Amino acid sequence: MKLLEIECLRAGYGQITALFDVDLTLEAGETIALIGANGAGKTTLLRAVTGLIRAVGGAIRFQGQAVSGLPAHAIAALGIAMVPEGRRLFPSLTVEENLLMGACSGRHGPWTLERIYTLFPVLRERRAHAGTMLSGGQQQMVAVGRALMSNPRLLLCDELSLGLAPTVVKDIYRTLASVCGEGISLIIVEQDVTQAIQASDRYLCMREGRIVLGGTRAEADRTAISHAYFGS
């Protein structure tokens, strides 16, 4: 079943167009890696899907419903959650309060505070600490947990590995694999191409606001990806 369908999407910031006729289809239970250099349009695409920026052309459908033009909170209530680049925790809130913010969409499902603490035991120990006082890896756990608290069907992850030690990154991706096993679909935006492709069923490479290459994990060819990535 097609969970997310994007057709001829155009979006940007003010007078600047950052996405040009992007097409993307995501099946239920599938994970896609979205790769590309800085400025390729990856984060802009996630923001368009979540309603943080408005599409100026094309269509976005989630579970068959048109979501282009809906406000961000309405899209979240339908079952789309995002782990933003840089975590973006609320500095005045504790770990537990940050996690509870994810439940504001009002969606029912298996992801509760207790389940998040089971998934990330260290957060139970730090529950009363300010979220921004944790290590980078622990803050990323809070950001992932906050998104899961909304009980999404689709989880969008923007630069999970940014600024984190390799061992921490592996732990977080291992956790995401278990989350996928429960039926959540993922789109992963990542600079670490190897990590992203290994964690995904398919990959799509963006350059200058367009998808220029795609394939399955088994089909990934380093030379072709490098040409698509840099345009050489």
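I started at the end of α9: G231 follows this helix and has a positive phi, near 75°. Helices here are DSSP runs of H or I, at least four residues, and strands are runs of E, at least two, both numbered from the N terminus.

Ground rules for my notes: this is a predicted model, where local features need pLDDT of at least 70, side-chain atom pairs count only at pLDDT 80 or more, and totals for chains, interfaces and linings use all residues. Residues are numbered from 1 along each chain as its sequence is written, and side-chain values use heavy atoms, with hydrogens and water left out.

I found I225, A228 and Y229 buried, meaning under 20% relative accessible area, against over 50% for exposed and partly exposed in between (1.4 Å probe, protein chains only).

What covers the buried residues of α9? I noted β3, α8 (193-198), β9 and β10 among the elements, with contact meaning heavy atoms within 4.5 Å.

Then I checked the strands, which pair if DSSP finds at least two bridges between them. β3 (residues 31-35) and β9 (residues 202-207) run parallel over 4 bridges, and A33 has Y203 as its bridge partner in β9. β9 and β10 (residues 210-216) are antiparallel, with 6 bridges. They make a hairpin with 2 residues between them, and E208 in the turn has a positive phi of about 50°.
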